[in-house]
Amino acid sequence: MPPDDTATQPDQQPPASTRRVSRPVVAIAALLAVAGLAVGGYFGFKYLKKKPHEVAPLETHKPHEREKREVPAITFTDVTAASGVQFHHYNGYSGEKLLPETMGGGVAVFDYDGDGKPDVIFVGSSSWSASSTKPRLAPPSLQLFHNLGGMKFEDVTKQAGLDAVECYGMGVAVGDYDNDKRPDIFISCVGKHRLFRNVEGKRFEDVTDAAGVGGPGALPAKPRDEFLKHAPPIPFGASATFLDYDGDGQLDLFVCHYLTWSPSIDKSINATLEGGKRAFVQPKDFQGAQCTLYRNAGGGKFVDVSKNAGILVEEKEGTAAGAKVRPVGKSLGVLVCDADGDGWPDVLVANDTVRNFFFHNVPGPNGTRTFEEKGLPIGAAYADSGAPRAGMGIDWGEFAPGRLAAVVANYANEPLTFFEKAGGKLAFSDSTAVAGLSAPSRAPLKFGTFFFDYDNDGRLDLLVSNGHIEPDITTIQASQSHAQPLHLYWNTGDNQCYFEPVTVERGGKDLFKPMVGRGCTYADLDGDGDLDLILVANGGEARILRNDAPNTNKSVRLDLRGDGTNSNRSAIGAVVTVEAGGQTFVRHVTGARGYLSQPELVLTVGIGTATKADKVTVRWPGKDAASETWTNLTAGPHTLEQGKAK
């Protein structure tokens, strides 16, 4: 990112000349900017040679006024080496700085063998160069680690049949799409996506072609020089998630695509740093792409219903009758939420440098379901600034009793966006400042994010994984770095300012070790009732952080299992209400979310100092599903099967 000579307001986009590291700028571009003109198309300009300096803090970045709350001292300890998890994210770095190289990778937690312990799968990439006779040389694109208990893991990639998988992987989504009681894996890729069916909890079978979810194109197998000249667009997958949008008890699949990309397009954009060194190109220099919705047709097959279901978002370039129509989206993050509480899942998409999408689930013709994109009228398209931000990861949760919000992780020098849902209406408002997140979240480049209750006090806290896209960022902006510490915000429960940044003194030095953060997730990896962390570094080592919270607060762990007829087996889309200790908590069984990643589907609901949940009510997903209630569930793990309430 070029040095920021003029400070920007917290809820505004930085000027075009400071927007991204890879924003090519020269003196003529600066003059055009002063004149209020936009520089468009694939023009190649170099950065202005200014002396890097720190961005001055702004008065408007002061936290929302309130008394500071003391954060509980809970240490997260790095146990990666002792755990047996060894995953180095391979990004296929070629020296050409092709945009996909800096965007991965993802991670998911799921119990693939049904032994009750959460296992972990990491998503890496492949090298670019290949030929018909010489494969790409890279580590396995996927690595699966089996949980042995006691925070110990074993690499079972080969035993699971995943060692020979070669793909330029990005994100991962997990769900039992065939309702056989075994969770399956979808991998979004640059090129052909991949779907793996879980076979008896022992191995995975590639069923991509039979299922019809590979997408419109594959990564071409060409030698390096030929590959770099490849011009036809290659699908650029990002986050994906399973959902049952039509309520038929079978999981459908939503896939984000980032840009219209190819190596030739990427290389044609002249983005250089001082001294002529290439920079990663910004998304504004690419055309957008479309998301894809696959309906589960049963029998292991999916059908692309994106057009009929209202998922394709296009706009004309101008008002002329013959103006070109182009896709709007540059989608990186997706979450599924029932925002209006009508029992039908809606979809919220975080876009990079263009408006966010909100797909409202509505009745379609002949008893079908479809979506209406209405991010603009309901206030989910933009923050209060009215300008698009660079959205990456996204999550959704009840941050206070009866109050729901979606959080979007944005680019450097942009704060998080905290979209609070307005009461019983289908409307959102930007509550970032009131939540206490505007000032502390502004500086870093934010990717992965999620709500979770790390101290089991019943309030959802917030984690954000940070890391720049440009390895050489410090040479042009001293206030930024490639590797960056994550941010953890403790939920105060104070309606004057809900989130308090956690410091090294209160979270431990291991938690804040800088890394080039991308995907991240959580699970109770050691079975002690609190949530541990898994962090992925682009081009670096993944990290496992054990939550060493005292046993003062308790939790109930709820493993929901749909009946496979009225509801999907994974219970994705269920809404759970827990009453304990005089308080009520609402939690959602959601698929993949954040950035390229998915937490375990088992819900860990903190109940504070209570020793049991007095009442647990599950609203099962599906058009024909009803609610069920369980009572007097002691702190600890419980399996809740549809139709077997006690």
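The legends below describe close-up views of pockets, cavities and sheets in a predicted model. Local features require pLDDT of at least 70 and side-chain atom pairs pLDDT 80 or more, whereas totals for chains, interfaces and linings use all residues. Residues are numbered from 1 along each chain as its sequence is written, and side-chain values use heavy atoms, with hydrogens and water left out.

**View 1. The largest pocket has a volume of about 1,000 Å³.** A pocket is an open set of points on a 1 Å grid over the protein atoms alone, with protein on both sides within 12 Å along at least five of seven lines; lining residues have an atom within 4 Å of a point. Volume is the space filled by probe spheres set on the points, which are joined across faces, edges and corners. Among the 49 lining residues, Asp111, Gly116, Asp559, Arg561 and Val602 are the closest to the centre. Strand S31 gives the most to this lining, with 6 residues; strands are DSSP runs (E, at least two residues) numbered from the N terminus. The lining comprises 14 nonpolar, 17 polar and 18 charged residues, where Ala, Val, Leu, Ile, Met, Phe, Trp, Tyr, Cys and Pro count as nonpolar, Asp, Glu, Lys and Arg as charged, and the others, Gly among them, as polar.

**View 2. An open sheet of 3 strands has the order S34-S31-S37, with mixed pairing.** Strands S34 (603-608) and S37 are the edges, each with a single partner strand, so one side of each is left without a neighbour in the sheet. Pairing requires at least two DSSP bridges between two strands; S31 and S37 run parallel and are joined by 6 bridges. Arginine 561 stands opposite glutamate 641 in S37.

**View 3. The largest cavity holds about 270 Å³ of space.** A cavity is a set of grid points where a 1.4 Å probe fits but cannot get out. Of its 21 lining residues, Tyr522, Arg587, His588, Arg593 and Leu603 are the closest to the centre. Strands S20 (394-400), S24 (446-452), S33 and S34 each give two or more residues to this lining. By class, the lining has 12 nonpolar, 4 polar and 5 charged residues.

**View 4. An open sheet of 4 strands has the order S33-S32-S35-S36, with antiparallel pairing.** Strands S33 (583-588) and S36 (627-634) stand at the edges, each with a single partner strand, so one side of each lacks a neighbour in the sheet. S32 (residues 575-580) is joined to S33 by 6 bridges, and alanine 580 stands opposite glutamine 583 in S33.
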